[in-house]
Amino acid sequence: MDDPYRNNVNQQMTEGGDYTYTQDGGGQDGYPYQTDYPPQDEDAASDATEGADEDDQMYEGEYQGIPHPDEIKEARRAARVEARRKARMAAQQEEEEENLPEQYETIMEDCGHGRFQWMLFFVLGLALMADGVDGFVVGFVLPSAEKDMCISNADKGLLGLLVYVAMMVGALVWGGLCDKMGRRKCLIYVLTIDLVFSFLSCFAQGYGFFLFLRFCSGFGIGGSIPIVYTYFTEFLQMDKRGEHLSWLCMFWMFGGLYASFTAWGIIPHYGWGFAIGTHIQMHSWRLFILVCLFPALAALIGLVFMPESPRFLLENARHDEAWMILRQVHDTNWKAKGEPERVFTVTNIKTPQTQDDEFIEIQSETGTAFQRWTVRKMTMLQQVMANIMSLSAPELRLQGLLLVIVWFCLAFSYHGLGVWFPDMIKYMQYEEYESKVRIFHRERVERFHFNFSLVNQIHREGEYIHDKFANIEIKSVKFESSLFENCYFEDVKSTNTFFENCTIKNTVFYNTDLWQDKFKNCRMENATFLHPKKGCHLNFQEENDIVIYMVSFLGSLAVLPGNIISALFMDKIGRIRIIGGSMLASSACTFLLLLSFSQGAVICWQCLFYGVSVAAWNGLEVISVELYPSSKRGTAFGILNGICKFAAIIASSIFAAFIGITKIIPIFLAFAALVCGGMVALKLPETREKILS
């Protein structure tokens, strides 16, 4: 049936390309078409449209908003063209990204391994050494600091906890930032923060301020490990990575040796301290913190003369800067080898597309300097968070989960036993000391001059009448339910000495440190305190401190053979066998701890455990930087190192809780963690012949 709307309608094209419709039967040219025009007979047809071309006819669905089939075809054709264009661009970008690792590896092989890498090796080694020193500082200064600042047992534990929390946060933050700001720049920030706040902590007289400064210092130095390994990896060719990253791990051992040796030589010497005015007392433990800044200071000075990672620059489309640095590496190495005539022949390096142009455009459109700074930092934060989220991509998810398990298990057992060893030695010393205590019961001493020290004694229900205690030291002595009448105490120094349920009558205390906290439930009758030495006072004659320094020194030295062996065999037998074998061998060493019935045995098994387990640390740090692409390497390593610090926090609290109760539970926990981590490590992909992606 014919459409009634087409009857007696003449279709004409205007100059602008629009159609007008006129009625033939009405005799009026240009009469506008009306939708209510009366319908014609079904057979009627317009003479004007009878011979018209079909293409010039009106599309019936136009008035109903339905697109013309030709328009649909055109839109589909344009969409296919756009899709093909995007696919070609994606393929080209993927090809460039795939070619960059291979081209970069070829360039590093052409540059060779020589003087430049060794200079960078020592500079970054000093930064790693600074991290190792900071790991020992708190443990060494705490025995002296708790007496100098009157720190309670609860606050004493808070210091070690907060420092590890700060290092955990620092690893997460700086690991992510170094992928966006640059390895060198972030490492300079990290060392500067550590230097400034560690230096200020030397002069902090209050515990709260000291705690805050050490937290800030830990936040800075906590980012050093992820940055150092990421930075150095990108200057190494494939066949040198495993060996030289393992050699770099030795500087953490040097940090432990340096801290132990300097603590041993400085802290026990009270005479090395000095005063600044009347309010700042610089005791020897504060000088020790000052000396511990030297590795970080040396690393910071050396880092000023080192360039940025060229791989980072290429990932951020900074081609010219990367080319100049690579030429510097090439010329430095070959001149040192006696071949200065060798020319750096690389002229073009493919770089992947980045979002830097958009980032700069956003900055330039913003008005004030503060607004530009805000936009810059917020954009960088968004990029870091996006980088973290990208680690959950399917191709990275499995290997990331395996690495998290291995890092956690190794850190849990290593740091847990690291706390257990010295605490166990202290407990054995305490038990030995307690076994030699002398007990005096109901003794009566009258008109006697005590001019000799009282050490490790218990006096119960004694009576002391008209006695004089002058120029003596009272160490680890307890008076229980005793009577002191008409006695005189002068120039008395006390350590771990208490009076419980005693009666003090007509007694004078002159220039002593016997104050209210020393008397528990005592009855005072006409007792006089003249020139008391209130607060806490240092005692540098503690024998236990010397033993702990020696234990830490020997434990740090014991990892030397393991470091050497792992460095020599890392590229020969592979990372996976090193990690798995070391962790499983370390688990076997934990059973020997059941035989630790003396201090010497504990020290011996500690050295054996550290020497065996260090190879697993080296292999784990090498594989962690090789598994992830350059744009995510620092972020991933920072997360893994943060998990390591988290495991250390948990392990130290758990293992310390069982000191003096049982050895079986800590040993079993360490054994189970090492076996679990070792078995999981064997599932990791081998990266010995992997080009950095």
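1. The aromatic pair count comes to 47, where rings of Phe, Tyr and Trp (its six-membered ring) pair if their centres lie within 6.5 Å. Keep in mind that this is a predicted model: local features need pLDDT of at least 70, side-chain atom pairs count only at pLDDT 80 or more, and totals for chains, interfaces and linings use all residues. Residue numbers run from 1 along each chain as its sequence is written, and side-chain values use heavy atoms, with hydrogens and water left out.

2. Phenylalanine 484 belongs to strand β11 (residues 483-485) and phenylalanine 499 to strand β13 (residues 498-500), so the contact ties together parts 15 residues apart in sequence. Strands here are DSSP runs of E, at least two residues, and helices are runs of H or I, at least four, numbered from the N terminus.

3. Phenylalanine 484 and phenylalanine 499 are both buried, meaning under 20% relative accessible area, with exposed over 50% and partly exposed in between (1.4 Å probe, protein chains only). They also belong to one aromatic cluster, whose members include Phe448, Tyr464, Phe479, Phe509 and Phe529.

4. The charged end of lysine 337 sits over its ring, 4.6 Å from the centre, and arginine 342 lies over the face of tryptophan 334 at 3.8 Å from the ring centre. The rule asks for NZ of Lys or CZ of Arg within 6 Å of the ring centre and within 35 degrees of the ring normal.

5. Now the backbone. Most residues other than glycine have a negative phi. Alanine 317 has a positive phi of about 60°; its place is the loop between α11 (310-315) and α12 (319-336), and it is partly exposed at 40% relative accessible area.

6. Asparagine 471 likewise has a positive phi, of about 50°, although it is not a glycine. This residue lies in strand β10 (residues 468-480) and counts as exposed, at 60% relative accessibility.

7. Valine 169, in helix α4 (residues 153-181), is partly exposed at 31% relative accessibility.

How values were computed
Rings of Phe, Tyr and Trp (its six-membered ring) pair if their centres lie within 6.5 Å; planes under 30 degrees apart count as stacked, over 60 as edge-to-face and the rest as tilted.
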